[in-house]
Protein chains: 4
Amino acid sequence: MAAAGGPGAKKGILERLESGEVVVGDGSFLITLEKRGCVKAGLWTPEAVAEHPDAVRQLHMEFLRAGSNVMQTFTFSASEENMESKWEDVNAAACDLAREVAGKGDALVAGGICQTSMYKHLKDEARIKKLFRQQLEVFARKNVDFLIAEYFEHAEEAVWAVEVLKESGKPVAATMCIGPEGDMHDVPPGECAAKLVRAGAAIVGVNCRFGPGTSLKTMTLMKEGLQAAGLTAHLMVQSLGFHTPDCGKGGFVDLPEYPFALEPRLATRWDIQNYAREAYNLGVRYIGGCCGFEPYHIRAIAEELAPERGFWPPASDKHGSWGSGLNMHTKPWIRARARREYWENLLPASGRPFCPALSKPDA
Amino acid sequence: MAAAGGPGAKKGILERLESGEVVVGDGSFLITLEKRGCVKAGLWTPEAVAEHPDAVRQLHMEFLRAGSNVMQTFTFSASEENMESKWEDVNAAACDLAREVAGKGDALVAGGICQTSMYKHLKDEARIKKLFRQQLEVFARKNVDFLIAEYFEHAEEAVWAVEVLKESGKPVAATMCIGPEGDMHDVPPGECAAKLVRAGAAIVGVNCRFGPGTSLKTMTLMKEGLQAAGLTAHLMVQSLGFHTPDCGKGGFVDLPEYPFALEPRLATRWDIQNYAREAYNLGVRYIGGCCGFEPYHIRAIAEELAPERGFWPPASDKHGSWGSGLNMHTKPWIRARARREYWENLLPASGRPFCPALSKPDA
Amino acid sequence: MAAAGGPGAKKGILERLESGEVVVGDGSFLITLEKRGCVKAGLWTPEAVAEHPDAVRQLHMEFLRAGSNVMQTFTFSASEENMESKWEDVNAAACDLAREVAGKGDALVAGGICQTSMYKHLKDEARIKKLFRQQLEVFARKNVDFLIAEYFEHAEEAVWAVEVLKESGKPVAATMCIGPEGDMHDVPPGECAAKLVRAGAAIVGVNCRFGPGTSLKTMTLMKEGLQAAGLTAHLMVQSLGFHTPDCGKGGFVDLPEYPFALEPRLATRWDIQNYAREAYNLGVRYIGGCCGFEPYHIRAIAEELAPERGFWPPASDKHGSWGSGLNMHTKPWIRARARREYWENLLPASGRPFCPALSKPDA
Amino acid sequence: MAAAGGPGAKKGILERLESGEVVVGDGSFLITLEKRGCVKAGLWTPEAVAEHPDAVRQLHMEFLRAGSNVMQTFTFSASEENMESKWEDVNAAACDLAREVAGKGDALVAGGICQTSMYKHLKDEARIKKLFRQQLEVFARKNVDFLIAEYFEHAEEAVWAVEVLKESGKPVAATMCIGPEGDMHDVPPGECAAKLVRAGAAIVGVNCRFGPGTSLKTMTLMKEGLQAAGLTAHLMVQSLGFHTPDCGKGGFVDLPEYPFALEPRLATRWDIQNYAREAYNLGVRYIGGCCGFEPYHIRAIAEELAPERGFWPPASDKHGSWGSGLNMHTKPWIRARARREYWENLLPASGRPFCPALSKPDA
């Protein structure tokens, strides 16, 4: 029986996008679970799926309640290259957790792979594709709904990933962690997008490394590049939850605050509503987040686009839209904050008068 | 059998403090679970213990792993006044969750009550004490290890709370949500502390409403007030995880950013290490956090004071002290961040050049 | 003959103040002439009166046009202690320049002396008074209209200065360069003011070292101190033209930016209109400026208080009040700036996103 | 007789530049004299040459002492279009003042014209050229040393100006008030520069509207444009003395702070030393300033390039290079500022914690 939550019971990712639906992605795992004590910064591997499954399940649940339509398997960097013999169990456990939670709501499971460490030193297509294929085999066995190749800083390697993932016959999304200046070999965003589509990706875009505003600039360039090339694809954006107007080509990892002092850059829910609206206006229909995107940021996407979608996410039972939950406060000046105009126009202070507004990236 | 984690098996709160141990408190529940989708801002009540017990248990677990020695029952505002008929079940469920997690490590359970809404309009000692006594009865039945009266902005009401909690025969801690200017009736911090001690509190201090730096200023005044009055008590601080150098007497609720745009004010782990050190130097031995304190902030307290305590918290298995986890990074400028001096001296940018550093409080 | 501008032709300083008039002081000489190339920073002596009399005359003229009612002799630090044999000629030339310009408008000439370098090391009242008396002899010979003892950081030395100046029989004003924390021996501002009045000063207040906001806080304390002591005096304020909310007891010299990077702190004309209004509301009637106060800042005082005084300063022929001179601009968004509300509410950006808002004072 | 200071006695502008000398320009007249009370903002015309000649002479003198090799006639906007019948006297008086002061040092006199108001509405080449020619006739009669067409936002009108000025047979410099985005008709900087050279300008570059950093970006583009076109010319830059990283195509006039709240943006002398060095490294040899450039900023150019030029400007008798004048201060922490490294690395605070770092331009 295709019970509620079984893969067969739900519309697939392409059906959704082709019918014009907005797909809400999920958010931050590595950075968020680092703060919750289950991931080690520097290492950035997802052994938490085995060591702390309750923590990972809980985070999936929070994103589901916030409105995510996709549970990405927590398999970032979970290749044999980075996790040695543990890789297979980690990938399998991650699939099970994602599927378990997806089954509790209207979400699909996406198997995710990312760039290798090897590529920079050794552009060995066969070895790299083998690493991708190993993870794909687990995803196929676990019957994920679609696949995501994400966090690639070189278009060439991303193309290899798409080529492998296409072998599964499932829909493939591909996102690069590049900014408006293009990939590390100076391939501009529009050209990167075209390469990914030509390789077989049905959905293309960016994730990570750059904040909401910068990511949307890159998406504009990708969209223009596809148009110029006469190609079509669905557009997807999963930006950082941190503001990075000052970052260079390498993105936020080069900022002096990475990764342990990014707090002042963290987006508010209102920043993310604005991001969701701008992404939507640009034609992007798969909208989620990456590092720094907490569950309430995902809810902000779902709430901003609730008029278009016709429904609210479950977690809106705990959120008064645009601050309306403050309208019973005993202090009149706090009640005065229970309105959209207030939060849209607020310029939030840092509380840090000895700190600057921008940093110069290292390197 | 007094199994590992049973209340009988552990040193009590006063034994710990009297022997000079540092007690690490826990952190933020309302604000953190609001961001995770389980608490409604404006309402700020803990029905999540019943509706989303996994989420509450998980947060307790994260604080335990981070090094907390106290699991506070998530019973803030859970009186009959605010929760009607649900109040009793919520208090009981909260005790069970706290006890369950405390049993997995070296943590005590503290039953917590806070100020009433009623006090401002109707200083009816009997009615208010009755509300406190109702919650206390559940705590007694559930056999919590000690009691905390917290978040009082009037010394008079805090004294009433201490008087009720003392009836249990268990140790009582009392913290007010005041700043250096004193309580809402202009009772200075030193005098507030003296009143609480005279009422029977063995542990006194501040929680919430003010950031780390401001809270420690208030603690200095409390310490001086106790000395001047010839009184002794253990000192306790559980500040906000947000920087609020610009707030007035009412604390962070009066800042324009409260409660939905406080992100740029969020403390880094290094800010909290500094707070822990300064609190320790001041003689405070019960050190935790309040709104905004995420699990990694609690870990920062436990790590900063690890030399004095002689051990590290469990979650340090996922944290390289002072950024040492970065020392294998491929980029040399990121490896250069793997040292204490780097993070201690960094002035983190907000990434928000159109926003100010400080705000003027409303009201 | 009491020709136009001769001292006999004008109302004296006390007549003005006693009749309730506002007296507009003058502004910055040392810092301003340093920027014009005639004063050496570090040395801070006024040999420009001899070396570049045209530059000094021109600056006096600008202040006169801006509305100043007082031409202070440019004799800061011009004692034998700092200028050796040149001291006498410099004092005499400064008096002549001040008198020449004062004669062109409604301004009095005030002879000014300031604290000695000697006092800190050698509290030799006789030697110090001798230095003051030397300058006073020149002022008496040149028949200045009144005398100002300014820039004293110790009340004791300021009292000695007042005692000497009183010997002339002319009215004496005395201003200290202290902030709300009091003088360098911890004498609070109110007590300092009382000492000065008891020593014979008819006008007391503060000058230099602290910005507009901080200086007015000190004035409030001086006013309260005089009231508490049952004393009366005219109040005078000549603050810095730089914002210094972050300075400590030593004032702006301890800020890291002193003296060569104070630019971002420079007050706008609107800041100074606000300062003039607040000073007036506090009861201060002698309102001028010190370091950083350019001619247009003095004009801002005169314009803000034009309604009370009934006339505008000469240089208002070159200034559209509250930006009204922009109302013919071809760009509509610049015309929109031609109104009071615009400039009163503007929060001017620094254009320096890599710099902080506040500094920690050295020492 | 070619007396000291007579035009015949000095090397001409092209001789200097062709022999590789650095020519130091002068600085701000309109904005500076507005602050001194002699120019009206909004109107921005130079009637001060007639009304307040001492003020204008003094400012010329200050620039001369600061190291300027060029006294620009204060004839900005002094055409018949803006000044009606007064235009001729104003131009003549301005020439006399510039010549008088130039005669006191090693400076040339440059007659200056700027864009018309008419051009935007009526591109009538004949009428506009007639306006230029009227001013040129005065300059020719007064025998200025060379001519500058400055502050043009349209390359076409700048070309017309150059064509007129060339009729004099004297060297012509031409600077546009454009940024990296090009002129108001979207002609890129490189192409603008090429047009000016082809029209006969021997010296080309930018002045006004943009701060030091932005102006040097535009100069880089001009240099590249000339190289690409196979043209050669001397390069000249006279940027604002205000930082404007946030301005758009229209430059600082569109910033909300223009013109009455630009203070926080004012460059320090160290900012200007850096600007001079970068301009020099780029190959620019005529380096001066525009609005906001005070005499000490010009001295900063002359001091930075003193090693290359082999001499110091006269006003360096009142300036300890790199703060060395502080090395006798009584406070050790102020003595510690008497060194280059200190000032080069200082990030000056604004003292304005309620203000942002950047503004969004209007329009």
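This is a predicted model: local features need pLDDT of at least 70, side-chain atom pairs count only at pLDDT 80 or more; totals for chains, interfaces and linings use all residues.
**A tour of symmetry and aromatic contacts**

Chain A can be laid on chain B with an RMSD of 0.0 Å, by a turn of 180 degrees and a shift of 0.0 Å along the axis. The two copies are thus related as by a two-fold rotation axis. Now select P264(A). Among the residues of chain A, its C-alpha comes closest to that axis, at 1.9 Å. Next, show the interface. Of the interface residues of chain A, 100% are also interface residues in chain B, so the copies meet through the same surface.

Turn to the rings. Over all chains there are 56 aromatic pairs. Pick F146(B) and Y286(B): their ring centres are 6.4 Å apart and their planes stand at 70 degrees, so the pair is edge-to-face. F146(B) belongs to strand β4 (residues 146-152) and Y286(B) to strand β8 (residues 286-289) of chain B, 140 residues apart. F146(B) is buried at 0% relative accessibility. Y286(B) is buried too, with a relative accessible area of 0%.

Move to chain D and select F29(D) and F74(D). Their ring centres lie 5.2 Å apart with planes at 35 degrees, so this pair is tilted. F29(D) is in the loop between β1 (23-24) and α2 (30-35), and F74(D) in the loop between β2 (70-72) and α5 (80-83), so the pair ties together parts 45 residues apart in sequence. F29(D) is buried at 9%, and F74(D) is buried at 4%.

Go back to chains A and B. F260(A), W270(B), W322(B), Y342(B) and W343(B) form one aromatic cluster.

Finish with two lysines. K360(A) lies over the face of F354(C), 4.1 Å from the ring centre. In chain C, the charged end of K123(C) sits over the ring of Y119(C), 4.5 Å from its centre.

Note on methods:
Residues are numbered from 1 along each chain as its sequence is written. Chains are lettered from A and ligands numbered from 1 in the order in which they are written. Side-chain values use heavy atoms; hydrogens and water are left out. Copies are superposed by least squares on the C-alpha atoms of residues with pLDDT of at least 70 in both. Contact means heavy atoms within 4.5 Å. Rings of Phe, Tyr and Trp (its six-membered ring) pair if their centres lie within 6.5 Å; planes under 30 degrees apart count as stacked, over 60 as edge-to-face and the rest as tilted. Helices (H or I, at least four residues) and strands (E, at least two) are DSSP runs, numbered from the N terminus. Buried means under 20% relative accessible area, exposed over 50%, partly exposed in between (1.4 Å probe, protein chains only). A charge sits over a ring if NZ of Lys or CZ of Arg is within 6 Å of the ring centre and within 35 degrees of the ring normal.
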